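Please look through the sequence and the structure, then read the notes below.

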Amino acid sequence: MVLCMYRNIKVSIAVLQTAAVILVNNIRILVIPFISFAFIAAFISGWAYCFGYLCSCANIVQPTDGSQLKTINFDGVEEVKWQIAVWIFGLFWGIELLVALFQYVIIVGVCCWYFTSSHDSRGSFSVSKGFWWSLRYNFGSLCFGSFLLAVIWMIRIVFEYIEKKTKAMMGDNAAAKCIVTSVRCCLDCFHRFVKFLNENAYIQVALHGDNFCGSAMNAFSLAVKHSGSFFVTNGIGSLIAFLGKMAISVSNVLVAFIMMKEI
């Protein structure tokens, strides 16, 4: 048991060291999250603009107290309700697809660097190749993976809507609250599992060029076979990410305190 844990820790440290080497040798990888944020922000802005026009197709209720604040009534416009539901689903699908696209770009760049790196050369990290591969070869797999996450988002939203509507009926019923909390927890765990599986499936897609379902099965088998290494690596990675967030938060508070004190 101790030897197995030691081996898993050693493998995890080697993985993190390799990730650090990739980051140092390819510092432009830090630009990809900013580009991803810009694309997602532009998509959400366009979506909100069109969503406003869609909501205006319903009944606009004029206020009776002289206020300029109008309300929207969806009674009698069932087709608009369905269009809004589809539009909301499209929001989650589009965001998850953009996230998957930029994850795939990083995965392709890291794979290309890893298999072309040697003691004599630094390796080839190509961002453009990731975009080309995603659109030319594996766009369907990215769409399907993001579609699954969008479906889970909609299920969670519907569940929260039903829970809100039935909250008054449940009252202080402890059994009902326990069931609602358990279902919410199960949905959250399932969402995290599918998200983890998608990320590892995209790696298999980039490495072997297989479809999403086959890559997901291979990724799941690999995760089960090396569950200890995955657990330790994700644990250490989460700890480093937490320390980074704490360092950023503390530094921001410190800088803000110094600026307020000096001003």
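Which residue just after α7 takes a positive phi? Gly209 does, with a phi of about 75 degrees. This is a predicted model, in which local features need pLDDT of at least 70 and side-chain atom pairs count only at pLDDT 80 or more, while totals for chains, interfaces and linings use all residues. Residues are numbered from 1 along each chain as its sequence is written, and side-chain values use heavy atoms, with hydrogens and water left out.

**Overall make-up**

- The protein chain has 9 helices and 2 strands; helices (H or I, at least four residues) and strands (E, at least two) are DSSP runs, numbered from the N terminus.
- Along the sequence, these elements follow the pattern α-α-β-β-α-α-α-α-α-α-α.
- The protein chain has 263 residues, of which 27% count as buried, meaning under 20% relative accessible area with a 1.4 Å probe, protein chains only.
- Among contacts (heavy atoms within 4.5 Å) with a separation of 6 or more, residues 24 or more positions apart account for 67%.

- Helix α7 covers residues 174-208, and its 35 residues should span 51 Å at 1.5 Å a residue, the expected span being 1.5 Å times one less than the number of residues.
- The end C-alpha atoms of α7 are 50 Å apart, which agrees with that span.
- Helix α8 (residues 212-225) packs against α7 at an angle of about 110 degrees, with the axes 8 Å apart; axes are lines fitted to C-alpha atoms, for helices over the stretch in contact, and angles run from 0 to 180 degrees between N-to-C directions.
- The two helices α7 and α8 are therefore roughly perpendicular, a label for angles of 65 to 115 degrees.
- By class, this contact of α7 with α8 has 12 nonpolar, 5 polar and no charged residues; Ala, Val, Leu, Ile, Met, Phe, Trp, Tyr, Cys and Pro count as nonpolar, Asp, Glu, Lys and Arg as charged, and the others, Gly among them, as polar.
- Residues of α7 in the contact include Phe193, Phe196 and Tyr202, and those of α8 include Phe212, Phe220 and Leu222.

**Helices α2 and α3**

- Helix α2 (residues 32-55) and helix α3 (residues 78-116) pack at about 170 degrees, with their axes 10 Å apart.
- The pair α2 and α3 is therefore roughly antiparallel, the label for angles over 145 degrees.
- Their contact divides into 22 nonpolar, 4 polar and no charged residues.

**Cysteines**

- The count of disulfides is 0, a disulfide being a pair of cysteine sulfur atoms within 2.5 Å.
- The sulfur of Cys111 lies 6.9 Å from the closest cysteine sulfur, in Cys112, which is too far for a bond.
- Cys111 counts as buried because its relative accessibility is 14%.

Key: Buried < 20%, exposed > 50% of the residue type's maximum accessible area, 1.4 Å probe, protein only. Parallel < 35°, antiparallel > 145°, perpendicular 65-115°, else oblique.
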